[in-house]
Amino acid sequence: MSGDRFTEELREFLDAHPPPAARGFDAERRWQEVLHAEGWVAPHWPVEHGGRGASFREYAGYVLELARVRAPQPVNRVGINLAGPTLLAHGTSEQRDRYLAPILAATEIWCQLFSEPGAGSDLASLTTRARRAGSGEGWVIDGQKVWTSYASEARWGILLARTGPPGSGHRGLSYFVCDMKAPGIEVRPLRQMTGESEFSEVFLDGVELGADALVGAEGAGWAIAATTLAHERGTAFPLKEQVVQKVFLDDLLAWARERGGEITGMDRDRLARCVVDAEVFRFLNLAMLERLARGEEPGPESSLVKLHWSALSQRLHEAEITLWGAAGVAVAPGRDGTPPWREHLWSRAASIAGGTSEVQRNIVGERILGLPREPRP
Ligand SMILES: Cc1cc2nc3c(=O)[nH]c(=O)nc-3n(C[C@H](O)[C@H](O)[C@H](O)COP(=O)(O)OP(=O)(O)OC[C@H]3O[C@@H](n4cnc5c(N)ncnc54)[C@H](O)[C@@H]3O)c2cc1C
């Protein structure tokens, strides 16, 4: 399909189906169903798996257009953005036929079982074990995961577990599809400072998985997880966020202008800093887009993008809450229906999720600037 035709069809679809203002699990599920009915959940996926075979440029245009019209994200984010692309790249045809269609239809929600209490930034040190079942068929999993977003709703999880001996590092890891309804799985929701419980601890105690749960070869988990993480840190997310943050900033500036003389010098400086940061973020994204359109990998530059995004989003919400003053910490909804304090508190997660800012700075220092590596234990 030509790029122009693709954009035209997308705009026709969005005119006929204006995105809802509501957010949250149910609203996002309904929105995904609307997208799915006309094949717009993952246009960059192959046609035979429910996509439109869109090029990277078309997909980038799609992400920007949806952000521009303030569409909510589809509910099955882990499925669409992480599990699906990983199974497309490394799964068997049976796995792709079994799992991909319900991801797009949002009939089966997915979660990501990577982080553990003792393994976050240093993911390769994880200790959840996968051993072969006594029958020789299938696997038995024991261990604990943490910060698992959507675990309470999930039907399946992408699971990284150790099949090699303890201390075997990244070479001893394998990648599985984990049945979240299997006996031995306990999901304990964690309460966040926003008062919500989006993520959970997940305990795995003698969980039996079939032989067909393994993705790729035994011991190939690290390389397969790299595909998942490249999709998590790399491509579509910052593009969407570029527009989301710009829309947020424009609204904030319009609101500040209405209040005119009430805005103090310090608040003005804060807003000016956000305008500069948003522009830098846009340029970093453009450079990344060019790179990907040339068929190159996101590379260590994706850490710069992640770092800028988290700083910008935190500064924007800080600016908003300061402009609100004491009313910003009240329970009442803010300008767009969401209490400013909720967004401000949530934005603290930006510099942790998907790789902390300290770790991104290490990557920038070592791999882009060529500084000496930090000593490893
Ligand atoms: C909102 C949210 C959702 C998440 N969802 C998921 C999910 O669905 N599935 C999942 O598997 N995980 C998820 N995570 C977990 C996330 O990937 C980890 O929190 C992140 O990788 C950091 O790991 P950690 O929390 O164990 O911190 P640690 O790695 O223990 O780090 C603690 C502190 O030490 C610093 N530090 C660590 N190593 C270094 C170093 N080498 N140099 C300098 N400083 C260092 C860190 O920057 C941090 O400040 C989520 C996290 C958040 C916040």
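1. Strands here are DSSP runs of E, at least two residues long, numbered from the N terminus. On that numbering, Gly 136 sits in the loop that links β2 (129-132) to β3. The model is predicted.

2. Gly 136 has 7 other C-beta atoms within 10 Å, so this residue is exposed; the cut-off for exposed is 12 or fewer. Ala 211 lies 75 residues from Gly 136 in sequence. In space, the C-alpha atoms of Gly 136 and Ala 211 are 9.0 Å apart.

3. Domain 1 covers 3-105, domain 2 covers 110-219 and domain 3 covers 234-368. Over C-alpha atoms, the centres of domain 1 and domain 2 are 26 Å apart.

4. Next, the contact between domain 1 and domain 2. On the domain 1 side, 14 residues take part; on the domain 2 side, twelve do. Two elements of domain 1 give two or more residues to this side: α4 (77-90) and α5 (93-105). The largest share comes from α4, with seven residues. By class, the domain 1 side has seven nonpolar residues, six polar and one charged.

5. Is strand β5 (residues 173-179) largely enclosed or open? Six of its seven residues are buried, so β5 is largely enclosed by the rest of the structure. A residue counts as buried when 20 or more other C-beta atoms lie within 10 Å of its own.

6. β5 pairs with strand β4 (residues 156-162) through seven bridges, and the two run antiparallel. Within this pairing, Ala 161 is opposite Ser 174 of β5. β5 also pairs with strand β8 (residues 214-215), again antiparallel, through two bridges. There, Tyr 175 faces Val 215 of β8. In a regular strand, side chains alternate between the two faces of the sheet.

Key:
Residues numbered from 1 in each chain as written. Predicted model: local features only at pLDDT ≥ 70, side-chain atom pairs only at ≥ 80, totals over all residues. Domains from an automatic or database assignment. Contact = placed C-beta atoms within 7 Å. Helix = DSSP H or I, 4+ residues; strand = E, 2+ residues; numbered from the N terminus. Nonpolar A, V, L, I, M, F, W, Y, C, P; charged D, E, K, R; others polar. Pairing = 2+ DSSP bridges.
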